[in-house]
Amino acid sequence: MITLQHTKIKASFETSTHVVGHVFKVTLYKKLLGMVLRYALNQIVAEFKRVSYAGIDSSHCGCVMRTTHDLPCACELTRYLVGSIPLSIIHMFWWRLSFSDQVLSEPEISITKEIETISK
């Protein structure tokens, strides 16, 4: 039963990462698709709508999105009107999870010395 639930969750997750909304089909979001959570992308889209009246001036922008969510605010997004937003300006918290079968290389931990010490 757990395997079936995991398969269902994995299928749903893969669908959500591959289905792209029309809003994200512009070049601006090309480097972020599949790498950043959908919630963060929606927040960036909302902030990008503010670019027209916030402009480059941070006093008009307020930089609320940068300080509260650590996502690019309207004055930062003006730099990327031509081109695409780099992943490096998005905080790691917003990067998407991966259900890949790759095993992370973790250091081998052994407690044999401690067990031997305790047994002595």
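The legends below describe close-up views of a predicted model.

Residues are numbered from 1 along each chain as its sequence is written, and side-chain values use heavy atoms, with hydrogens and water left out. Because the model is predicted, local features need pLDDT of at least 70 and side-chain atom pairs count only at pLDDT 80 or more, while totals for chains, interfaces and linings use all residues.

**View 1. Confidence along the protein chain.** The mean pLDDT of the protein chain is 79, and 80% of the residues score at least 70; pLDDT is the predictor's confidence in each residue, from 0 to 100. Helices (H or I, at least four residues) and strands (E, at least two) are DSSP runs, numbered from the N terminus.

View 2. The structure holds two aromatic pairs. Rings of Phe, Tyr and Trp (its six-membered ring) pair if their centres lie within 6.5 Å; planes under 30 degrees apart count as stacked, over 60 as edge-to-face and the rest as tilted. Tyr 39 and Trp 94 are stacked, because their ring centres are 5.7 Å apart and their planes stand at 25°. This pair links distant parts of the chain, with Tyr 39 in helix α2 (residues 38-48) and Trp 94 in the loop between α6 and α7 (112-119), 55 residues apart. Tyr 39 is partly exposed at a relative accessible area of 45%, whereas Trp 94 is buried at 10%. Buried means under 20% relative accessible area, exposed over 50%, and partly exposed in between (1.4 Å probe, protein chains only). Phe 93 and Trp 94 have ring centres 4.9 Å apart and planes at 85°, so this pair is edge-to-face. Phe 93 counts as exposed, at 58% relative accessibility.

**View 3. Cysteines without a disulfide.** The structure holds zero disulfides, a disulfide being a pair of cysteine sulfur atoms within 2.5 Å. Cys 61 is in no disulfide, and the nearest cysteine sulfur, that of Cys 73, is 3.8 Å away. Cys 61 is buried, with a relative accessible area of 4%. For Cys 75, the closest cysteine sulfur is also in Cys 73, at 3.4 Å, which is too far for a bond. Cys 75 counts as buried at 10% relative accessibility.

View 4. Most residues other than glycine have a negative phi, and most peptide bonds are trans. Cys 63, although not a glycine, has a positive phi of about 50°. Cys 63 is found in the loop between α4 (58-61) and α5 (64-69) and is buried, with a relative accessible area of 18%. Asp 70 likewise has a positive phi, near 60°, in a residue other than glycine. The loop that holds Asp 70 runs between α5 and α6 (74-77). Asp 70 counts as partly exposed, at 29% relative accessibility.

**View 5. The largest nonpolar core and the contacts of Ile 85.** A nonpolar core is a set of buried Ala, Val, Leu, Ile, Met, Phe, Trp, Tyr and Cys residues joined through side-chain atoms within 4.5 Å. The largest such core has 25 residues, of which Leu 32, Val 36, Ile 44, Ile 85 and Ile 90 touch the most other members. At least two residues of this core come from each of α2, α3 (51-54) and α6. Helix α2 supplies the largest share, four residues. Contact means heavy atoms within 4.5 Å. Leaving aside neighbours within four places in sequence, Ile 85 is in contact with Leu 28, Tyr 29, Lys 31, Leu 32, Ile 44, Leu 77 and Tyr 80.

**View 6. Ser 84 in its loop.** Ser 84 is found in the loop between α6 and α7. Ser 84 is buried, with a relative accessible area of 12%. Not counting residues up to four places away in sequence, Ser 84 touches Thr 27, Leu 28, Lys 30 and Lys 31.

**View 7. Gly 34 and Arg 96.** Gly 34 lies in the loop between α1 and α2. At 25% relative accessibility, Gly 34 counts as partly exposed. The C-alpha atoms of Gly 34 and Arg 96 are separated by 7.4 Å, with the two residues 62 residues apart along the chain.
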